[in-house]
Amino acid sequence: MYALMLLVGTIVACLMLSPGIQAKMAKADWFCNQLNVNCSKATGFQAVYRLCAAMATFFTIMMVFMLGVNSSNDIRSKIQNGFWFFKYAALTGLVYGFFQIQGGVIEDPLMWIGMIGGFLFILIQLILIIDFAHSLAEAWVDKMEESDSRWCQAGMLMFTFGGFAVAIGAAVLMYIYYTTGGPCYLPKFIISINIILCIIISIMSIHPKVQEYFPHSGLLQAAFISVYLMFLTWSALMNNPDKACNPSLIDIANFTSINKAVEDARDNYSHPFALHSIITLIIYFCSLLCAAFRASSNKSFDKLTGGSSASVGASSGDDDTRVYDDESDGVTYSYSFFHFIFALASLYMMMTLTSWYNPDNDLKNLNSNMASVWVKIVSSWCAVGIYAWTLLAPCLFPDRDFFG
């Protein structure tokens, strides 16, 4: 149900960026007069700011309220898993309250709060992705050493070299399609720098000094991070507003019939056809939801805080009897951290839909603005920096136990 809040909020925010909806909101009597809203200051990106800020506020309140909930015996756990009518009513009230704030008062503060929250959401995801790469490699190596299976060795080699093959292939395709339509200096620079970074982290992962202090380090993690780095690079290039250096996927695939339909849509409507923005938005929301759920789990919470959660038994010793967890001994995930991640996700959504530090009223710019380009590029460099630190930290601080 909390995911439904985020989904409904995303849909409504996108509708608020539609030129037609903006025009109707600016002229609607119920919106401008009955709700006492300053319409000239509460449509477009400013409406998205208010809606997403209300959701972030709701999840923040829930985060504070759920601090210290350890089991279902706490009465607050009933509120976490029920009372949906009152929670949706409270969220509606918060949205109404934010729309009552006069325009020009909260836009700049919300932009800075949104940027901080959005970057924090990205940072948490980077940490968890890198941890996943290390965990995957360690589990695979341990299983290979225990079973001495040739199939396991072959699988690890295929995954490693397959990952590098995908990364190299992606780099080649990006050079072919995203650097040949014009001078394209920025795409060439971005692709080249990230290829160099992939080479550096691959060499670091098998360096004898790193292997001495971090035996599980290897090319498997480097391959995984290289693929992720190329994905972020491609995602950034897809946001490049320079169309000469950013052909659409339809143009790349050369689907003539689809191209004709897109051109017809451009001719028939006064605003540009937002097909790519809609596709981008669908992919973005699915990724956002998966990231939010994954980051809010107890296991991820422990990885970020260095703590440990007590595991809750799911079955009894009797093989014929199943005991379903009622969370009376311990919650299966941190309620407070769950809401913290969803609050950050709301801010990340707000920033993504409004072009980060360069707010825009048009949804067509969702996948065509330099702000998104640099956010993703900086994210890719942060990923490399975090991964490099996980390799160097054991060498620089040998007295500390990083794997305990």
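Tutor: Beyond its neighbours within four places in sequence, glycine 218 is in contact with Ser205, Ile206, Gln211 and Tyr387, where contact means heavy atoms within 4.5 Å. The model is predicted: local features need pLDDT of at least 70, side-chain atom pairs count only at pLDDT 80 or more, and totals for chains, interfaces and linings use all residues. Residues are numbered from 1 along each chain as its sequence is written, and side-chain values use heavy atoms, with hydrogens and water left out.

Student: Where does glycine 218 lie, and is glycine 218 buried or exposed?

Tutor: Buried means under 20% relative accessible area, exposed over 50%, and partly exposed in between (1.4 Å probe, protein chains only). Glycine 218 is buried because its relative accessibility is 12%. Glycine 218 is in the loop between α10 (208–213) and α11; helices are DSSP runs (H or I, at least four residues), numbered from the N terminus. Isoleucine 206 is twelve residues from glycine 218 in sequence, and their C-alpha atoms are 5.4 Å apart.

Student: How is the packing of two helices described, and at what angle do α7 and α11 cross?

Tutor: Two packed helices are described by the angle between their axes and the distance between the axes. Axes are lines fitted to C-alpha atoms, for helices over the stretch in contact, with angles from 0 to 180 degrees between N-to-C directions. The axes of α7 (residues 107–147) and α11 (residues 219–238) cross at roughly 145 degrees and come within 9 Å.

Student: Which residues of α7 and α11 meet?

Tutor: Among them are Leu126, Phe132, His134 and Trp140 in α7, and Leu220, Gln221, Phe224 and Tyr228 in α11. The residues of this contact comprise eleven nonpolar, two polar and no charged. Ala, Val, Leu, Ile, Met, Phe, Trp, Tyr, Cys and Pro count as nonpolar, Asp, Glu, Lys and Arg as charged, and the others, Gly among them, as polar.

Conventions: Helix = DSSP H or I, 4+ residues; strand = E, 2+ residues; numbered from the N terminus.
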